[in-house]
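Open the model in your viewer and keep the selection tool at hand.

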Amino acid sequence: MTTMIRADIEDQPQNEETTHLVALDVDGTLVDHDGHMSEEVREAAQAVVASGHHVMIATGRSLNATLPVIEKIGITTGYGICSNGGVTLRLDPSLPDGYEVLERAVFDPAPALKALRAELPAALYALEDHEGNFLATERFQDASFGLEARGVDFHELLTTKAVRVVVYSAENTPEEFARAIESVGLHGVTYSVGWTAWLDIAAAGVTKASALERMRHRLGINPALTVAVGDGRNDIEMLGWAARGVAMGQAPREVLMAADEITASVYDDGAAKVLRSLLG
């Protein structure tokens with residue numbers, strides 16, 4: 001069962017017909033796989049933010065790993081989507097931290113974890129809980145967590161409500177890993193396999209697209225004025241949701257197939273080219 005932990009949010013009046021909702025993935029889109037954002041991309045993103053469009057980061061990263069990117073491209077008010085749609089932020093400089101968490105979609109990870117453990121006993125497991133803390137087995141750490149995970153035994157993960165679960169196996173090729181996931185037949189969750197032997201799990205029905213659609217409705221944005229840019233399998237739903245879904249040039253074939261158009265790769269500032277096109 002999916003549980004939404006929500007703050008009160010009021011719908012906004014319909015926006016002008018020139019105001020777009022622009023959803024941007026981070027890793028492989030705004031930053032390369034070393035975490036570097038080029039000046040061209042940064043300046044283009046800042047220009048689109050300054051122009052008045054609703055620019056939202058929509059990432060698999062957790063909250064603390066997302067905030068530096070939001071700050072770097074100059075978003076001080078508006079919204080952000082973290083944890084593959086599991087967490088929605090409202091940004092407001094008048095708030096003590098400059099933001100508040102509006103929604104967290106939590107779920108019981110135990111059935112999925114038990115099934116995966118049986119198939120992938122040597123994998124590493126991490127979990128983001130309903131308060132934004134990370135718990136992990138065997139000293140599993142990753143930059144996308146945004147904070148240091150607390151080491152726990154596997155049983156504790158089974159008894160904790162989750163927003164995001166991550167599974168990583170250094171002992172399997174991506175192809176072996178994908179076959180193992182398929183054989184498990186995960187139910188009651190949403191999941192996506194990453195570039196490597198990496199799996200992200202969220203609550204059933206929760207994706208970047210589902211969170212963005214709620215924000216689009218609340219902001220009163222015409223569906224025809226939605227733009228999304230991404231490169232990963234966790235972006236497929238988002239690219240389909242947007243009226244203009246743009247895949248990065250280096251994206252896997254299934255991501256390219258889901259897009260309306262393809263831009264240059266992250267190493268050739270593909271996101272900047274899309275962003276500049278919104279400036280008229």
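A cavity here is a set of grid points where a 1.4 Å probe fits but cannot get out, and its volume is the space filled by probe spheres set on those points. The model is predicted.

**Stop 1: the cavity**

With a threshold of 30 Å³ or more, the count is one cavity. What volume does the largest cavity have? It comes to about 100 Å³.

Select Asn84, Thr190, Tyr191, Ser192, Asp200, Ile201, Ala202, Val206, Thr207, Lys208, Asn234 and Glu237 to display the lining of this largest cavity. Then colour strand 11 (189–193) and strand 12 (198–203), the elements that each give two or more residues to that lining. Coloured by class, the lining of the largest cavity shows four nonpolar, five polar and three charged residues.

**Stop 2: the largest pocket**

Next, select Asp27, His33, Ser144, Trp195 and Trp198. Of the 29 residues that line the largest pocket, these lie nearest its centre. The volume of the largest pocket is about 730 Å³.

By class, the largest pocket is lined by twelve charged, ten polar and seven nonpolar residues.

**Stop 3: the second largest pocket**

Clear the selection and pick Val49, His53, His54, Val55, Met56, Gly74, Ile75, Thr76, Thr77, Gly78, Tyr79 and Leu219, which line the second largest pocket. The space in this pocket is about 200 Å³.

Which elements give two or more residues to this lining? They are strand 3 (54–57) and strand 4 (78–82). Strand 3 gives the most, with three residues. The class colouring of the second largest pocket shows six nonpolar and six polar residues, with no charged ones.

**Stop 4: helix 9**

Finally, select helix 9, residues 270–277. Which of its residues are buried? Gly270, Ala271, Ala272, Val274 and Leu275 are, with buried meaning under 20% relative accessible area.

To see what covers these buried residues of helix 9, show strand 2 (21–24), helix 1 (39–50), strand 13 (226–230) and strand 14 (244–247), which are among the covering elements.

Technical notes. Residues numbered from 1 in each chain as written. Predicted model: local features only at pLDDT ≥ 70, side-chain atom pairs only at ≥ 80, totals over all residues. Heavy atoms only, no water. 1 Å grid on protein atoms, 1.4 Å probe; cavity = no way out; pocket = protein on both sides within 12 Å on 5 of 7 lines; lining within 4 Å. Helix = DSSP H or I, 4+ residues; strand = E, 2+ residues; numbered from the N terminus. Nonpolar A, V, L, I, M, F, W, Y, C, P; charged D, E, K, R; others polar. Buried < 20%, exposed > 50% of the residue type's maximum accessible area, 1.4 Å probe, protein only. Contact = heavy atoms within 4.5 Å.
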